[in-house]
Amino acid sequence: MEPRLAKRVVVALGGNAITLPGEEGSVEQDYANLERSLEGIVALLERGYELVVTHGNGPQVGNQMIRVERSLGHAPDLPLPVMVADVQGGLGYMMEQVLLNKLWSRGLSYPVSCLVTLVEVAADDPAMLEPSKFVGPVMTHDRALQGRDENGWDVKEDKGRGWRRVVPSPEPCTIVEKDTVRLLVDAGVLVICVGGGGVPVVRRDDGSWAGVGGVVDKDLASAVLGREIGARELYILTGVRKVALHFGTPEERWLGSMTTSQARSYLAAGHFPAGSMGPKIDAACRFVEQGGARALITDIYSLVEALDGRTGTWILPD
């Protein structure tokens, strides 16, 4: 293995790294997408970076929920925390396999490991009482009400799409396996973890852990992880090459960089909606405000270009 630079980075892959909009999310489609989206990860390894890779899992958990619902009466039900853990392991396996094959084809030997990760949340987090995160498939109004009455689901209308289940999205406090992740990275391992934001857990009064039926924002959890393992930079990879003000309007203006204060000001002014760019800006700001050197937001396929200064939006300290 070539000597590595002393630059530890968390790379947070968006859901479109695995399943593209409009796809059903078959294993074959996901593998094809990973073949393209993980090229940038290999390029970073070749440049000597120490990497931890996180990823989204929304479409995959949605498909898992469909499977579970349709198998009721034939197989035991699975609670949401177990589904999140299952998908973490499955996607981690696929990513690990693709990365190992890419490294092998380049004649590189680099250890890669997938770690199913727990994320501690607060039992009294207000989000626990206000489910807001859409999960699972779109349903008719009647089916949503049936699920509410028969299964205790919380349901809401996903504007423009239909009715869906909603679950709490509590704030990540700490990554339970942070010390393990740090040890692995110190030993030269590329770690795949915090899939889908990790499995949210709370501490019981006796000190034991209990799973929570919710979903943690993947980018916020990645920012927490970066702080806890001493990462210098956080790269949030999504579906746009740069962040824009007045996105999708005649006044649209692309940004190459902004300070955390500028980003917070734009966020408060409504430039970054809560359902899309808002959480990514918030996560990038938190990472830098809590000691990170800088954070990058760019397209999944433009990572190397962004690092070379040709695209991307950097969030910088004030």
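Analyst: **Helix α4 and its partners**

In helix α3, residues Q60, V61, Q64, M65 and V68 meet L80, M83, D86, V87 and L91 of helix α4, where contact means heavy atoms within 4.5 Å. Sorted by class, this contact comprises seven nonpolar, two polar and one charged residues (nonpolar: Ala, Val, Leu, Ile, Met, Phe, Trp, Tyr, Cys and Pro; charged: Asp, Glu, Lys and Arg; polar: the others, Gly among them).

The model is predicted, so local features need pLDDT of at least 70 and side-chain atom pairs count only at pLDDT 80 or more, while totals for chains, interfaces and linings use all residues. Residues are numbered from 1 along each chain as its sequence is written, and side-chain values use heavy atoms, with hydrogens and water left out.

Helix α3 spans residues 58–71 and helix α4 residues 80–105; their axes come within 10 Å and cross at roughly 125 degrees. Axes are lines fitted to C-alpha atoms, for helices over the stretch in contact, and angles run from 0 to 180 degrees between N-to-C directions. Helices (H or I, at least four residues) and strands (E, at least two) are DSSP runs, numbered from the N terminus. The two helices α3 and α4 are therefore oblique to each other (under 35 degrees is roughly parallel, over 145 roughly antiparallel, 65 to 115 roughly perpendicular, and the rest oblique).

From α1, residues V27, D30, Y31, L34 and E35 meet Y93, M94, M95, Q97, V98 and K102 of α4. This contact of α1 with α4 has seven nonpolar, one polar and three charged residues.

Helix α1 also holds Q29. At 25% relative accessibility, Q29 counts as partly exposed (buried is under 20% relative accessible area, exposed over 50%, partly exposed in between, with a 1.4 Å probe and protein chains only). Leaving aside residues up to four places away in sequence, Q29 touches I18, E23 and E24. Between Q29 and N63 there are 14 Å in space, C-alpha to C-alpha, and a separation of 34 residues in sequence.

In one of them, the ring centres of Y235 and W314 are 6.0 Å apart and the planes stand at 85 degrees, so the pair is edge-to-face (rings of Phe, Tyr and Trp, its six-membered ring, pair if their centres lie within 6.5 Å; planes under 30 degrees apart are stacked, over 60 edge-to-face, the rest tilted). Y235 belongs to strand β12 (residues 233–238) and W314 to strand β17 (residues 313–316), so the pair ties together parts 79 residues apart in sequence. Y235 and W314 are both buried.

Two loop residues complete the view. V194 lies between β9 (190–192) and β10 (199–203) and has a positive phi of about 50 degrees although it is not a glycine. V194 is buried, at 0% relative accessibility. H246, in the loop between β13 (243–245) and β14 (253–255), has a positive phi near 55 degrees and is likewise not a glycine. With a relative accessible area of 38%, H246 is partly exposed.
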